[in-house]
Amino acid sequence: MNNQTMTTYIGRMMDEFVQGGVKEAVVCPGSRSTPLAMLALAHQEINVHVLVDERSAAFYALGLAKANQKPVLLICTSGTAAANFYPAIVEAHYSRVPLIVLTADRPHELREVGAPQAIDQQFIFGKFVKWFTDLALPDKNEKMLRYVQTAAARAGYIAMQEPKGPVQVNVPLREPLLPDMSIDPFHREETDTKKIMGTGQAVPNEHMVSELASIIAHSRRGLIVAGELHMQEEQEAVLRLAKARNYPILADPLSQLRNGHESEMYIIDAYDSLLKDEELQQHLLPDLVIRFGPMPVSKPLFKWLEKHSEIEQIVVDAAGGFRDPGLTATYLIESHVGFFVNEVLNRVDKHEDTNYLNRWHDVNSSFRTHLAQYADEDLTFEGNVYRQLQHLLPKESVLFIGNSMPIRDVDTFFETQKKPLRMMANRGANGIDGVVSTALGTYAALKQPITLVIGDLSFYHDMNGLLSAKLMHIPLTVVLINNDGGGIFSFLPQASDEPYYEKLFGTPTGLNFEYASKLYGGTYSKPTTKQELHDQYMAHINEPGLHLIEIETDRHSRVGKHRQMMDEILREVKKEWLP
């Protein structure tokens with residue numbers, strides 16, 4: 001194959017990605033992917049990030065695309081390299097993150113004949129990609145150049161089409177693989193056609209909007225549930241609806257409504273704890289629920305809505321997805337959040353009654369007041385770590401939250417505050433893998449210091465990701481909550497089966513994580529008091545590289561202390577506010 005032919009073919013594809021809005025590429029080193037990697041780097045409008053581990057690279061690309069909400073190229077060589085992308089592709093599918101996966105492949109004559117580093121890459125990601133194409137081999141024919149441009153434009157368009165998600169472009173390449181950089185691979189004649197594809201916006205029909213506006217107008221105890229909201233305009237629209245109708249907002253940490261807003265009266269941040277009590281459940285019962293975004297992390301909230309299927313429940317989803325795990329939604333509306341709110345508010349009057357809003361606000365404030373009284377120096381109880389951490393986070397920074405216990409503890413212990421910061425997590429598949437790398441990828445997009453709060457098992461799963469902090473000089477502070485095992489299982493029924501629990505679920509590892517910090521050139525500290533945590537956190541927050549703060553906690557006493565504290569607080573709340 002003529003190298004100029006291959007160079008022009010791949011160059012046109014790369015340029016078409018750029019025309020479609022792609023500005024970032026994550027590249028894993030490999031031979032078969034040589035032209036893809038070199039031509040991505042050669043394009044002046046593509047910023048290339050090189051990561052040597054494919055699984056880490058895929059989650060890094062996920063974080064980059066999640067933070068920007070724009071498609072990112074993810075490039076690897078042939079063989080099992082693509083298989084290492086799989087967990088991140090699954091997460092991208094369920095969390096609706098746009099990725100364009102470019103998998104280099106052997107040419108067709110070398111497939112399934114025993115050639116080295118060749119596996120069947122056809123539909124390797126199954127239904128977890130929105131679209132798959134196996135490109136034709138490079139060809140200099142003008143029609144074939146238009147073909148590869150169209151494929152690139154289509155990949156970017158489908159990745160960004162609601163619901164956003166990953167696509168795979170499989171790229172077979174024959175040797176020689178080194179592109180001819182003496183030519184301009186991105187040159188286009190004035191007559192060359194550019195493929196411009198635009199995504200639309202979901203809009204419900206007039207009849208449906210009028211019907212929903214009538215339901216909202218007659219509601220006296222309306223409640224908003226806000227799951228993960230990426231865009232500021234979505235957050236502002238939800239707040240507009242809350243203010244106009246005096247609806248409380250049960251705000252998931254990932255809704256971004258708990259930080260940086262002036263409307264604290266409407267934000268309820270203790271609902272997960274309050275809804276664990278049946279009397280408070282009845283006291284706070286709404287007559288209408290409007291949910292924006294996916295279901296929040298809170299299990300008590302989920303169970304409460306599931307139990308009261310008689311309540312009108314409206315789920316608004318720009319992608320029209322069936323995100324109704326409790327199967328209790330009365331209406332599933334395909335609409336952009338801002339459009340839905342504007343159309344409803346054009347049809348309903350302001351709701352002046354604040355009784356229901358005050359009811360939620362009063363019990364929420366009472367819970368927070370009593371919770372503050374339990375603060376002490378004991379960092380072996382994880383709740384004290386989170387209560388301290390929320391005040392240490394700098395403005396305009398990112399808190400990336402691990403799954404399992406960290407996201408639940410943030411939900412419980414982080415209070416609403418005016419300080420602007422961003423909270424992020426991988427809540428598509430809720431896995432504990434790839435969390436370190438995803439957090440690092442968000443820095444590439446936002447250029448804001450990252451604090452990662454993560455459990456020991458999840459940290460162990462993705463220690464490879466720490467290399468990026470070292471090589472790319474990313475300021476990453478890791479608050480490692482080390483309870484030496486699977487702490488979340490202590491809250492589950494498995495914990496009562498003592499002969500099996502510790503071996504199958506507790507799974508202590510006894511790892512010394514100080515060595516991991518040294519391996520990647522990071523700093524390390526192990527605070528035991530709140531003052532030490534404060535000093536060691538603030539010492540390195542803006543410095544490039546890894547800063548590991550390990551806090552040893554006791555998962556064996558955690559459950560008892562947590563439940564006793566919550567029982568006492570809820571008793572006091574009910575004493576104050578229940579008739």
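A residue counts as buried under 20% relative accessible area, as exposed over 50%, and as partly exposed in between. On that scale Glu396, at 45% relative accessibility, is partly exposed. The model described here is predicted.

At 55% relative accessibility, His473 counts as exposed.

Two cis peptide bonds can be described next. One joins Glu162 and Pro163, with omega at about -10°. Pro163 lies in the loop between helix H5 (142-160) and strand S6 (166-172). The other runs from Glu175 to Pro176, with omega near 0°. Pro176 belongs to the loop between S6 and helix H6 (206-217).

The largest nonpolar core holds 54 residues. Val26, Phe85, Leu452, Phe459, Leu476 and Val478 touch the most other members of this core. Helix H3 (residues 54-68) gives the most to the core, with nine residues.

An open sheet is formed by six strands. The strand order is S14-S13-S15-S16-S18-S17, and the pairing is parallel. Strand S14 (422-424) and strand S17 (523-525) stand at the edges. Each has a single partner strand, so one side of each is left without a neighbour in the sheet. From one strand to the next, the twist averages 20°.

Within this sheet, strand S13 (residues 398-401) and strand S15 (residues 450-455) pair in the parallel sense over four bridges. Ile401 has Val453 in S15 as its bridge partner.

Two helices that lie across strands of the sheet are described here. Helix H15 (residues 435-446) lies across S13, S14, S15 and strand S16 (475-482). H15 runs at about 170° to S15. Helix H20 (residues 530-538) lies across S15, S16, S17 and strand S18 (545-552). H20 runs at about 170° to S18.

Aromatic pairs number eight in the structure. In one of them, the ring centres of Tyr86 and Phe128 are 6.0 Å apart. The planes of these rings stand at 75°, so the pair is edge-to-face. The cut-off for that class is an angle over 60 degrees. The pair links distant parts of the chain, 42 residues apart. Tyr86 is in helix H4 (residues 86-95). Phe128 is in the loop between strand S4 (99-105) and strand S5 (132-134). Tyr86, at 28% relative accessibility, counts as partly exposed. Phe128, at 15%, counts as buried.

A further pair is formed by Phe381 and Phe413. Their ring centres are 6.3 Å apart and their planes stand at 90°, so this pair is also edge-to-face. Phe381 lies in the loop between helix H12 (355-372) and helix H13 (382-392), and Phe413 lies in helix H14 (residues 405-413). The pair therefore ties together parts that are 32 residues apart in sequence. Phe381 counts as buried at 3% relative accessibility. Phe413 is buried too, with a relative accessible area of 0%.

Ring pairs also build a cluster. Tyr86, Tyr94, Phe125 and Phe128 are linked into it.

Technical notes. Residues are numbered from 1 along each chain as its sequence is written. This is a predicted model: local features need pLDDT of at least 70, side-chain atom pairs count only at pLDDT 80 or more; totals for chains, interfaces and linings use all residues. Side-chain values use heavy atoms; hydrogens and water are left out. A nonpolar core is a set of buried Ala, Val, Leu, Ile, Met, Phe, Trp, Tyr and Cys residues joined through side-chain atoms within 4.5 Å. Buried means under 20% relative accessible area, exposed over 50%, partly exposed in between (1.4 Å probe, protein chains only). Two strands pair if DSSP finds at least two bridges between them. Axes are lines fitted to C-alpha atoms, for helices over the stretch in contact, and angles run from 0 to 180 degrees between N-to-C directions. Contact means heavy atoms within 4.5 Å. Rings of Phe, Tyr and Trp (its six-membered ring) pair if their centres lie within 6.5 Å; planes under 30 degrees apart count as stacked, over 60 as edge-to-face and the rest as tilted.
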